Every structure is written in structure tokens, then in C-alpha cells.
Amino acid sequence: SMAALTAQSFLLLMAVRLAMGVALGGVSPVTQTIMSAQSSDHRRGLNIGVQTLIMFLIAQLLGPLIHTQLAEHWGWQASYLASGLPFLLLAAAVALVLRDKAGRTGDLGSGDAVQTNGPVEVERRHNPRNVWLCVGISAFFMIGLVVHGTFLPLYLVQLRSFAPTEMGSTMSVLGLAGCVGGLGLPLLSDRIGRRITLVLAMVLATLVPLAALVWVGENWVLSLLLFVGSI
């Protein structure tokens with residue numbers, strides 16, 4: 001994120017952003033694996049939901065509000081510089097708190113070892129097709145999420161005539177939706193099952209591109225539709 005400040009060409013900026021994507025792409029699988037290893041089966045969804053809630057609260061709710069204000073008052077360079085600081089704090093926290101314990105394969109944290117016969121491992125052994133299918137679903141979902149996160153702010157400003165700070169407020173509201181869905185949907189999955197919850201979530205998510213493409217009325221209605229879809 002900080003390296004973007006040194007980019008003097010489009011190609012260099014693209015290379016920096018690609019490196020950021022490579023780094024960020026592995027964060028959720030690793031953190032969810034750590035959380036799953038520490039959780040009992042009936043609380044796994046809830047615990048991952050709380051983790052997701054905190055992530056959306058900081059990154060998607062507070063982030064757009066803070067960074068658009070920083071860019072408005074001190075320029076985009078200051079905003080990029082500020083966005084790198086939480087990563088340094090996280091790196092320090094991981095180095096100080098998490099420990100790999102020698103001689104206990106799969107132990108990712110300070111608690112109990114990962115269960116080698118957990119649900120994912122059992123599924124991988126007996127039905128590898130489902131694991132690869134889930135990998136594909138996750139990959140395509142992340143592509144959609146990144147495209148939406150990258151181009152929706154531009155769309156709101158350039159085509160819907162949102163002021164930059166108004167766009168920041170709207171994106172922050174979508175972060176609030178992420179908090180609602182990030183906690184509510186995993187908790188719901190503990191009750192009704194992972195698959196049906198995932199299907200409901202994916203159907204709901206189609207509201208985001210549909211609302212952006214089809215709705216031509218009041219901006220607040222568009223923001224409301226984007227909020228519901230972002231859950």
C-alpha cells in the first residue's frame with residue numbers, strides 16, 4: 001500500500017497493486033483456519049462471524065469515511081500512507097501473539113492443535129470434487145467482490161455524480177452491511193446449514209450489480225439497494 005506512493009507509471013502501479021492482491025488474498029483463508037482450529041463445531045460459524053464483523057467494521061465501515069476525508073484535506077498520498085499503518089500493527093501482533101508449537105502438526109495458534117480429521121479434511125479425502133468446487137466458487141466470488149470494490153466508487157462519482165465524500169459515506173454504509181452479514185450469515189449457517197446460507201447470500205449479492213446498472217432514481221434508494229445486496 002505504501003509502495004504505491006513511489007509509482008511513477010501505470011505499469012509500476014499495477015505491479016504494486018498485484019503484489020497487494022497476492023498478499024491480501026491469503027489473509028482470510030489463514031485467519032479463518034486459525035479461528036476454525038480454536039472453535040468447537042457448533043460455534044465455528046459464530047466465531048468466524050465475529051471475526052468478519054471486526055474486519056468489516058474497521059476496513060469497510062471506518063475505512064471509506066477516514067480515507068476520503070484524509071484525501072480531501074491532505075491528498076491521496078496521505079491516505080495511502082495511513083492505509084499501510086494498520087498492516088504494520090497487525091504484523092507486530094501476529095509476531096507477538098501467534099505461535100507454532102514444535103512437534104504438533106497443523107497447530108496454528110496458541111490453543112489446541114488443528115483436528116486432522118476435521119470436516120474439511122474428511123471432505124477432501126472422500127469427495128475432493130466438492131473441495132475444488134468450493135475453491136472455484138470462492139475464486140469467482142472474490143473476483144466479483146474486488147471488481148465491485150474497485151469500480152463502484154468510480155461509478156458513483158463519475159456516472160452518478162456523487163461527491164467524493166458522499167461516495168465515501170455510501171461505501172461506509174456498505175461496510176455496515178458487511179458487518180450485519182458478516183456476523184448474521186455465519187450465525188445463521190450454524191442453525192440452517194452452510195449450503196443453504198451460502199445460496200441465500202449469493203442470490204442477495206446479485207442486488208449490488210443489478211442496482212448499480214438498473215436503478216436510475218434517487219441516490220438514497222440506490223444506497224439502500226446496495227446496502228441490502230452487500231449483506
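**View 1. Helix α10 and its buried residues.** Val221, Leu222, Ser223, Leu226, Phe227, Gly229 and Ser230 of α10 are buried (under 20% relative accessible area; over 50% is exposed, and partly exposed lies in between; 1.4 Å probe, protein chains only). This is a predicted model, in which local features need pLDDT of at least 70 and side-chain atom pairs count only at pLDDT 80 or more, while totals for chains, interfaces and linings use all residues. Residues are numbered from 1 along each chain as its sequence is written, and side-chain values use heavy atoms, with hydrogens and water left out. Helix α10 covers residues 219-230, 12 residues in number. At 1.5 Å a residue it should span 16 Å, and its end C-alpha atoms are 16 Å apart, which agrees. The expected span is 1.5 Å times one less than the number of residues in the helix. The buried residues of α10 pack against α6 (128-158), α7 (164-192), α8 (194-205) and α9 (207-214). An α-helix has 3.6 residues a turn, so residues three or four places apart point the same way.

View 2. The chain has 10 helices and 0 strands. Both are DSSP runs numbered from the N terminus: helices are H or I with at least four residues, strands are E with at least two. Of the 231 residues in the chain, 23% are buried. Take the contacts (heavy atoms within 4.5 Å) with a separation of 6 or more: 59% of them join residues 24 or more positions apart.

**View 3. The largest nonpolar core.** Which residues form the largest nonpolar core? There are 11: Leu152, Leu156, Phe162, Met167, Met171, Leu174, Val208, Ala211, Ala212, Leu222 and Leu226. The elements that give two or more residues to this core are α6, α7, α9 and α10. A nonpolar core here is a set of buried Ala, Val, Leu, Ile, Met, Phe, Trp, Tyr and Cys residues joined through side-chain atoms within 4.5 Å. Leu174 is one of the core residues. Beyond residues up to four places away in sequence, Leu174 touches His148, Leu152, Ser223, Leu226, Phe227 and Ser230.

**View 4. Leucine 156 in helix α6.** Is leucine 156 buried or exposed? Leucine 156 is buried, with a relative accessible area of 0%. Residues up to four places away in sequence aside, it touches Ser161, Phe162, Met167, Thr170, Met171 and Leu222. Threonine 170 lies 14 residues from leucine 156 along the chain, and their C-alpha atoms are separated by 9.0 Å.

**View 5. Serine 161 in the loop between α6 and α7.** Serine 161 has a positive phi of about 60°, although it is not a glycine. Serine 161 is exposed, at 59% relative accessible area. Serine 161 is among the residues that leucine 156 touches.

**View 6. Serine 223 in helix α10.** Serine 223 counts as buried, at 16% relative accessibility. Its partners, not counting residues up to four places away in sequence, are Phe162, Thr170 and Leu174.

**View 7. Helices α3 and α7.** Two packed helices are described by the angle between their axes and the distance between the axes. The axes of α3 (residues 44-74) and α7 come within 7 Å and cross at roughly 180°. The two helices are therefore roughly antiparallel to each other. The residues of this contact divide into 16 nonpolar, 14 polar and 3 charged. Axes are lines fitted to C-alpha atoms, for helices over the stretch in contact, and angles run from 0 to 180 degrees between N-to-C directions. Angles under 35 degrees count as roughly parallel, over 145 as roughly antiparallel, 65 to 115 as roughly perpendicular and the rest as oblique. Ala, Val, Leu, Ile, Met, Phe, Trp, Tyr, Cys and Pro count as nonpolar, Asp, Glu, Lys and Arg as charged, and the others, Gly among them, as polar.

**View 8. Leucine 13 in helix α1.** Helix α1 covers residues 10-25. Leucine 13 is partly exposed, at 32% relative accessibility. Neighbours within four places in sequence aside, leucine 13 is in contact with Ala4 and Ala7.

**View 9. Leucine 198 in helix α8.** Leucine 198 is partly exposed, at 40% relative accessible area. Proline 186 is 12 residues from leucine 198 in sequence and 9.2 Å away in space, C-alpha to C-alpha.
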